[in-house]
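My notes follow in the order I worked.

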Amino acid sequence: MRRTTVIRTGLSALLVLGSWAAVGAGPAVASAPAPEPQLSTGLLAAMQRDLGLDAAGAKARIAAERTAAAIEGKAQRAAQNAYGGSWFDAGTGRLTVAVTEPGRTAAVRATGADVRLVSRTAKQLDSVKREIDQLKAPAGVAGWHVDPEANRVVVNVVASERADNDVQGFLDRAGDIGPITVKETAQAPEPFAAGTVGGDPYYTGNVRCSIGFSVHGGFVTAGHCGRPGAAVRGWDGSHIGTFQGSSFPGDDYAWVSVGSGWWTVPVVLGWGTVPDQLVRGSAEAPVGASVCRSGSTTHWHCGNVLAKNETVNYSQGAVHQMTKTSVCAEPGDSGGSFISGDQAQGVTSGGWGNCSSGGQTWHQPVNEILGRYGLRLHTA
């Protein structure tokens, strides 16, 4: 963004919501967490508000989640072909790893993880989900994902549509493929884009969205916000750049080049209500971990990671490999930053509900976007 903008609004107003990313092209590499993260008071305050924690509890939660994220890969390798998935248990503050073979439990425990014996491997459940992905889902089916704790594939349906014949037919076909559990959700998910609102940054056409994380030469955001070649304007109406790549549906990611006096920095905005948060890497948080979101409409909100690799059935078409969270969002938050501690997680895609009554939101994992376009995250 232009220097005059920085003088007017400070760093927090630069990118619609986001963080600001790295320089240097090359394959995406998830950065390891810093040994001693410097957490903003705003991040801790948001966690206290949305997760019901006190300050000490928020700090302890982040520390435990960083440990869990650091050992997750080691635990999976230790489980070998018996790996059944993993999740963070907020009650114990530890990572739990599912395994199908008792003989692998000692090796997994040696990594620092707890162990649960299950009957199906993660590969088997992923195979079931991939087959369900081939089915045409009716509007009453919200999405589906592998639940490692349940050791089954969970299919979410809109409660008011569960008795619909098309929904029942889908559930019957999915059940024939493999073990499923049906859960109800209040509403169907929709992308969180919005019509133009004066004074809010990042517009393309008549749509307002939010910047996610800065990368070399630009930023990543949601694919449903714009097509390749679409021009992007900032909060002040000045030209920021152009969509260089975009995918939606199927995926929901994009990246935008930055120029015309705008620049990028490794920060997630606090919007004047909380201090900005530095981005130090992109180590993926496990299921059960806390996560916070920054967006141009609702600013900072926090919740938990509920599921990974979920297929979300939007009215525009299914989107795959999404991460489901209990964080609220509203129209205009699309594309914005999801961050766990100081680690970038993904860009806001869509969901249901709002930040008054609550809801759920999905994000597209950031490491997938970086790898797809050969981008590199800008870190502090």
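I count a salt bridge when a side-chain nitrogen of Lys or Arg is within 4 Å of a carboxyl oxygen of Asp or Glu. The model is a predicted one.

**Entry 1: the pair of arginine 280 and aspartate 342**

I looked up arginine 280 and aspartate 342 and found their side chains joined in a salt bridge, 3.6 Å from N to O. I then checked burial. Arginine 280 has a relative accessible area of 19%, and it counts as buried because the cut-off is under 20%. Aspartate 342 is buried too, at 0%.

**Entry 2: a second partner**

I noted that aspartate 342 also forms a salt bridge with arginine 66, with the closest N and O atoms 3.0 Å apart. This pair links distant parts of the chain: arginine 66 is in helix α3, aspartate 342 is in the loop between β21 (337–340) and β22 (343–354), and 276 residues separate them. Arginine 66 is buried, at 14% relative accessibility. I recorded Arg66, Arg280 and Asp342 as a network of salt bridges.

**Entry 3: another salt bridge**

How many salt bridges are there by this rule? I have nine in the count. One that I looked up joins glutamate 184 to arginine 162, with the closest N and O atoms 3.4 Å apart. Glutamate 184 is in strand β6 (residues 180–185) and arginine 162 in the loop between β5 (152–158) and α6 (165–177), 22 residues apart. Glutamate 184 is partly exposed, with a relative accessible area of 46%. Arginine 162 is partly exposed as well, at 29%.

**Entry 4: lysine 324**

Lysine 324 is in strand β20 (residues 317–325). I found it buried and without a salt bridge. The nearest side chain of opposite charge is glutamate 310, 4.3 Å away; the salt-bridge rule asks for within 4 Å. Leaving aside neighbours within four places in sequence, I listed the contacts of lysine 324, among them His145, Asn156, Glu310, Gln360 and Trp362.

**Entry 5: helices α2 and α3**

I went on to helix α2 (residues 41–51) and helix α3 (residues 55–79), which pack at an angle of about 100° with their axes 9 Å apart. The two are therefore roughly perpendicular to each other. On the α2 side the contact is made by Leu43, Leu44, Met47, Gln48 and Leu51, and on the α3 side by Ala55, Ala58, Lys59, Arg61 and Ile62. I sorted these residues into seven nonpolar, one polar and two charged.

**Entry 6: glycine 245**

Is glycine 245 buried or exposed? I have it as buried, with a relative accessible area of 7%. Glycine 245 is in strand β14 (residues 239–247). Beyond its neighbours within four places, glycine 245 is in contact with Pro228, Tyr253, Ala254, Trp255 and Tyr373.

**Entry 7: the chain overall**

Last, I took the totals. The chain has seven helices and 23 strands. Of its 380 residues, 56% are buried. Among contacts between residues at least 6 apart in sequence, 66% join residues at least 24 apart.

Notes:
Residues numbered from 1 in each chain as written. Predicted model: local features only at pLDDT ≥ 70, side-chain atom pairs only at ≥ 80, totals over all residues. Heavy atoms only, no water. Axes fitted to C-alpha atoms, helices over the stretch in contact; angles between N-to-C directions. Helix = DSSP H or I, 4+ residues; strand = E, 2+ residues; numbered from the N terminus. Parallel < 35°, antiparallel > 145°, perpendicular 65-115°, else oblique. Contact = heavy atoms within 4.5 Å. Nonpolar A, V, L, I, M, F, W, Y, C, P; charged D, E, K, R; others polar. Buried < 20%, exposed > 50% of the residue type's maximum accessible area, 1.4 Å probe, protein only. Lys, Arg positive; Asp, Glu negative; His and termini not counted.
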